[in-house]
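This report describes the fold of one protein chain and the surroundings of selected residues.

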Amino acid sequence: MSDKTDAEPKIAIYPGSFDPITYGHIDILERAAALFDKVVIALAVNPRKVPPLFSLEERREMILEAISAMPNVEVADVEGLMVDFARQHGAIALIRGLRAISDFEYEFQMSLTNRKLAPRVITVFLMPHDNYTYLNSSIVREVASFGGDVSQFVPPGVARRLKEKFSPSG
Ligand code: ADP
C-alpha cells in the first residue's frame, strides 16, 4: 500500500520537430498520455531536418493549442542530447511513433544508442491509428505549399497558419 502512495509519477518524453504538429503526433500523444502520469513534449530547437518551415515559437504555439485539453501533457524546448533532457525531467521513458517499416531502421539505431547512453530510460514505440500511418509533417507542408486542403491532417489552427505561410500576401 505505502509503496503505491510513495511511487514517483511516471514521466515520459516525446521528442520531435513538430514542423508542424499533425493528427499523427496527436494520436501518439493521446496514447502516451493514457499510459504515463505526465508526458513532456521535447520540442527540438534545432531540428535535424533544417531549416524548419515554422519558427520555434510558432511550433510551440501550435502544440499548446493541440494539447489544451490534455492536462498531463506539456511542452519544453530541447537542445542537445535527448537522454540528458530525459534525466533533467526525471523521465523513465522516451516515446516514439512507428508508422511503417521505413521508420524502423533509424529508430532502432537511435533507441539502441540512447540505451547505451542512458540504460534506465526505456524507449517505447507506439503505433498510430491506421488512418495516420502514412502521415508526416513534410507531406503536410508539401500539400499546403501547393494550396491543397490539409484539414484532415492537422488541427484547424495549424491549417490556418499553413495557409498564411503559403499565401502570396503572407
Ligand atoms: P523527428 O525529427 O524526430 O522525426 P517529427 O516531428 O517528424 O520529428 O516526429 C516526432 C515523432 O512523432 C517521431 O517518433 C515520429 O515517428 C512520430 N510521428 C510523426 N508523425 C506520425 C504519425 N503520423 N504517426 C505516428 N507517429 C508519428
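## Leucine 126

Beyond its neighbours within four places in sequence, leucine 126 is in contact (heavy atoms within 4.5 Å) with Ile28, Arg31, Ala32, Leu35, Ile95, Arg96, Gly97 and Leu98. Leucine 126 belongs to strand S5, residues 122–126; helices (H or I, at least four residues) and strands (E, at least two) are DSSP runs, numbered from the N terminus. At a relative accessible area of 11%, leucine 126 is buried, where buried means under 20%, exposed over 50% and partly exposed in between (1.4 Å probe, protein chains only). Its C-alpha atom is separated by 7.6 Å from that of arginine 31, 95 residues away along the chain.

## Basis of the model

The model is predicted: local features need pLDDT of at least 70, side-chain atom pairs count only at pLDDT 80 or more, and totals for chains, interfaces and linings use all residues. Residues are numbered from 1 along each chain as its sequence is written, and side-chain values use heavy atoms, with hydrogens and water left out.

## Aspartate 19

Aspartate 19 lies in the loop between strand S1 (11–16) and helix H2 (23–35). Its relative accessibility is 6%, so aspartate 19 counts as buried. Leaving aside neighbours within four places in sequence, its contacts include Pro52, Phe54 and Arg141.

## Overall fold

The protein chain comprises seven helices and five strands, in the order α-β-α-β-α-β-α-β-α-β-α-α. Its C-alpha trace spans about 60 × 35 × 30 Å along the principal axes. Of the 170 residues, 43% are buried.
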